Amino acid sequence: MDNRAGEMEVFIRVAELRSFSEAGRKLHLSPSAVSKLVTRIEDRLATRLLVRSTRGLQLTPEGEMYLVRAQRVLDEIDDAERAVASGGKAAPRGRLRVNASIAFGVMYVQPLIPAFLERYPEVELDFSLTDGIIDLLEERADIAIRSGSLPDSSLKARKLVESSRTIVASPEYIAKRGLPRHPDDLVDHNCLRFNFPVPMSEWPFINPETGERIGRTITGNFQCDSGAAMRRLCLSGLGMARLGRFHVQGDLKAGTLVEILPDWNPNEEQLIHAIFAGHEHLAARIRAFIDFLVNHIDPYGNGIRIP
C-alpha cells in the first residue's frame with residue numbers, strides 16, 4: 001500500500017540526522033531500507049532530494065522544499081488525530097518556528113514567550129530574530145513577523161500593530177548640531193539610513209500649511225539593515241534616523257530621544273503583521289501563538305500586557 005506519510009517520516013529523520021544509518025537506528029530500520037525509501041520518493045518525484053558530500057548527506061533545494069512541506073503534512077495529520085480524539089479541543093503542541101524583525105521581536109514578542117510556553121507547555125518554540133526579508137519555506141518558519149505589505153498572495157497575515165514612522169535624535173546631538181526647523185535644514189545633518197532592500201536615501205514630508213507632499217534626499221556617514229542598531233546609534237548621539245514609532249515610543253517619553261520636524265511628519269501608516277502560510281486547517285500551535293500576540297500587544301504600539 002502507498003504509505004507516503006511513513007516515507008515522509010523517514011525522510012525527515014534522514015534530513016535531521018544527515019545519515020541513513022543514524023536514521024535507521026532511530027526508526028529501527030536497516031540503513032539499506034532507509035536508503036530505498038528515500039530513493040522511492042526521489043523516483044516518484046523524478047528529482048534528487050539528497051546528495052552526498054564530505055560533510056555527509058546534504059539537502060538539495062528541492063529537498064529543502066520537500067522537508068518543509070513533509071513536516072507540515074505530518075503536523076497536520078497529528079493535529080487532526082489529536083483534535084478528533086479530544087473532541088476538537090486538542091492542546092497546541094509540537095515545534096513552532098517564529099521569525100521576527102529584531103526591534104519588534106525584542107521589545108514585543110520575546111517578553112511574552114515565557115507566559116506563552118507556560119500556558120502551552122507542549123509547544124517547542126524555535127525563535128529567531130532577523131531584519132532581512134525571509135522566505136517562509138526556505139527559512140522553515142511557520143510565522144514571520146514583519147512590517148510592510150503582504151509579499152505573496154499565497155500567504156495570510158494578521159495585523160498586530162498599526163504604527164507610523166518618525167525622525168528622532170538625541171538631545172546631545174541636537175545640542176551639538178542644532179534643531180532642524182525645515183526639511184531643507186537636513187542638508188546640514190548626519191542622517192542615518194537603512195540599506196535594504198536598496199539604500200533609502202529620501203525621507204517624505206508634508207507641508208503643514210499647504211498639505212503638499214515633498215521628499216528630501218538625506219546623507220550621512222552610516223547605514224545598516226537593523227532598526228535596533230539604528231536606535232542605539234541615535235541614542236549615542238551619532239545622528240538622526242527615521243524609525244518606527246512603536247520602536248522609540250519609550251525613548252520619546254523618557255526624553256532620551258526627541259522627535260524632529262513633527263509638524264512635517266506625513267504619519268504614513270506602518271502595519272506590522274504576523275505572516276503565515278494559508279491552510280484550510282491551521283495548526284493549533286500557530287493559531288494559539290498568533291492569538292496570544294494579538295491579545296497581549298497594544299495594537300498601536302504602546303507596549304505589551306504580560307499575563
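Select helix H2 (residues 20–27) and helix H3 (residues 31–45). Phe-20, Ser-21, Ala-23 and Gly-24 in H2 meet Pro-31, Val-34, Ser-35 and Val-38 in H3. Contact here means heavy atoms within 4.5 Å. The two axes come within 8 Å and cross at roughly 105 degrees. H2 is therefore roughly perpendicular to H3. Axes are lines fitted to C-alpha atoms, for helices over the stretch in contact, and angles run from 0 to 180 degrees between N-to-C directions.

This is a predicted model: local features need pLDDT of at least 70, side-chain atom pairs count only at pLDDT 80 or more, and totals for chains, interfaces and linings use all residues. Residues are numbered from 1 along each chain as its sequence is written, and side-chain values use heavy atoms, leaving out hydrogens and water.

**The whole chain**

Zoom out. The chain has ten helices and 13 strands. Both are DSSP runs numbered from the N terminus: helices (H or I) have at least four residues, strands (E) at least two. Of the 307 residues, 43% count as buried. Buried means under 20% relative accessible area, exposed over 50%, and partly exposed in between (1.4 Å probe, protein chains only).

**Two cores**

Next, select Leu-96, Phe-104, Ile-143, Ile-145, Phe-289 and Leu-293. Of the 29 residues in the largest nonpolar core, these touch the most other members. Such a core is a set of buried Ala, Val, Leu, Ile, Met, Phe, Trp, Tyr and Cys residues joined through side-chain atoms within 4.5 Å. Which helix gives the most to this core? Helix H10 does, with six residues. Now pick Met-8, Ile-41, Leu-57 and Leu-74. They are among the 21 residues of another core, which lies apart from the largest one.

**Ser-170**

Go to the loop between strand E6 (155–169) and helix H7 (171–177), where Ser-170 sits. Is Ser-170 buried or exposed? Ser-170 is buried, with a relative accessible area of 0%. A polar atom of its side chain lies 3.1 Å from the backbone nitrogen of Tyr-173. Leaving aside neighbours within four places in sequence, Ser-170 contacts Cys-234, Leu-235, Gly-237, Thr-256 and Leu-257.

**Helix H9**

Select residues 245–254, helix H9. Arg-245, Phe-246, His-247, Val-248, Gln-249 and Asp-251 are buried there. Their cover includes helix H8 (227–236) and strand E11 (241–244). Step past the helix to Gly-255, whose phi is positive, near 85 degrees.

Show strand E8 (residues 202–206) and strand E9 (residues 213–217). They run antiparallel, joined by five bridges. Strands pair if DSSP finds at least two bridges between them. Find Glu-202: its bridge partner in E9 is Thr-217.

Most residues other than glycine have a negative phi. Two stops go the other way. Ala-46 has a positive phi of about 55 degrees. Look for Ala-46 in the loop between H3 and strand E1 (50–53). Ala-46 is exposed, with a relative accessible area of 70%. Last, select Asn-267, in the loop between E12 and E13. Its phi is near 50 degrees, again positive. Asn-267 is partly exposed, with a relative accessible area of 43%.

Conventions. A polar contact is a pair of N or O atoms within 3.5 Å; within protein, one must be able to donate a hydrogen and the other to accept it, and residues adjacent in sequence count only if both atoms are side-chain atoms. Angles under 35 degrees count as roughly parallel, over 145 as roughly antiparallel, 65 to 115 as roughly perpendicular and the rest as oblique.
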